[in-house]
Amino acid sequence: MIDRATLVEYCNTLLDSAAFQDYCPNGLQVEGREQIRMLVTGVTASQAMVDAAVAAGADMLLVHHGYFWKGESAPITGIKQRRLKALLGNDVNLLAYHLPLDVHAELGNNTQLARLMGWSVTAGLEPENPRSVGLQGELPTPMSGSEVAAHLARVLNREPLHIAGNDRPIKRIAWCTGAAQGYIDKAIALGVDAFVTGEISEPTVHAARENGIHFFSAGHHATERYGVKALGEHLAERFGIEHQFIDIDNPV
């Protein structure tokens, strides 16, 4: 068992959350009980995720996508009221880290994706930025576009959308988990063979085709399962608490 303040302070320091200008508050978003014995992790604090955490006996729910995003409606009504009511009514803490969990060099979504896929990391997607959200690297051996797509499908259990900008093999690759299709221009500027992210938009197809680069949309949820899971496992080991990762699947 660990007290809430100690765990939150540790996470804030580990992820250097104060250094980020983000779209939401990072850290403790909803206050629950003070002592943490059971930690549940998941990608998004949806109603299904909250309900699953409560059913699992969670003292704290730790997610990548929490609440209170910039530009959202302020009143506590509708789904926002129901989610908060479930958390507060069951005295469950909500802890959320967005960009800090994308960027972390060991536990972050992008590093964890690279480890799962077997890609080596050579630099950031923005090499001049020490907090580059995305990364670039290399495959162990060159692969065709269809082979990379099949490998993504096996590892992530989700069939990616592959836009083949050329028929050349892939060796150098860049990636950024989540909704980072707009970063394709950064990948093109690096001269890599392929760019992998979670989502796709209409202009992305033309950018890939006209610039001769492979593009893979592998799923926002599917590419961002692994950072929060790794963080939960790290916290469980460090503080001797119980941990359960719950995957509420999302096809996007």
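Which residue forms a salt bridge with Asp-249? In this predicted model, the partner is Arg-225, and the closest N and O atoms of the pair are 3.3 Å apart.

Asp-249 lies in the segment after strand E13 (242-245), whereas Arg-225 belongs to the loop between helix H9 (220-223) and helix H10 (226-239), so their bridge ties together parts that are 24 residues apart in sequence. Asp-249 is exposed, at 55% relative accessibility, while Arg-225 is buried, at 8%. Together with Asp-247, these two residues are linked in a network of salt bridges.

## Other salt bridges

The count of salt bridges comes to 8. Among them is the pair Lys-186 and Glu-126, with closest N and O atoms 3.4 Å apart. Lys-186 is in helix H7 and Glu-126 in the loop between strand E7 (120-124) and strand E8 (135-143), so this bridge connects parts 60 residues apart in sequence. Lys-186 is partly exposed, at 32%; Glu-126 is buried, at 14%.

Asp-59 also forms a salt bridge with Arg-33, at 2.8 Å between the closest N and O atoms. Asp-59 is buried, with a relative accessible area of 10%, and Arg-33 is partly exposed, at 26%.

## Helix H8

Helix H8 (residues 202-211) has Thr-204, Val-205, Ala-207 and Ala-208 as buried residues. They span an arc of only 165 degrees around the axis, which places them on the same side of H8. Their cover includes strand E9 (161-163), helix H7 (184-190) and strand E12 (214-217).

The face turned away from this buried side carries the exposed residues Glu-202, Pro-203, Arg-209 and Glu-210. After H8 comes Gly-212, with a positive phi near 65 degrees.

Methods:
Residues numbered from 1 in each chain as written. Predicted model: local features only at pLDDT ≥ 70, side-chain atom pairs only at ≥ 80, totals over all residues. Heavy atoms only, no water. Buried < 20%, exposed > 50% of the residue type's maximum accessible area, 1.4 Å probe, protein only. Helix = DSSP H or I, 4+ residues; strand = E, 2+ residues; numbered from the N terminus. Arc of directions from axis to C-beta. Contact = heavy atoms within 4.5 Å. Salt bridge = Lys/Arg side-chain N within 4 Å of Asp/Glu carboxyl O.
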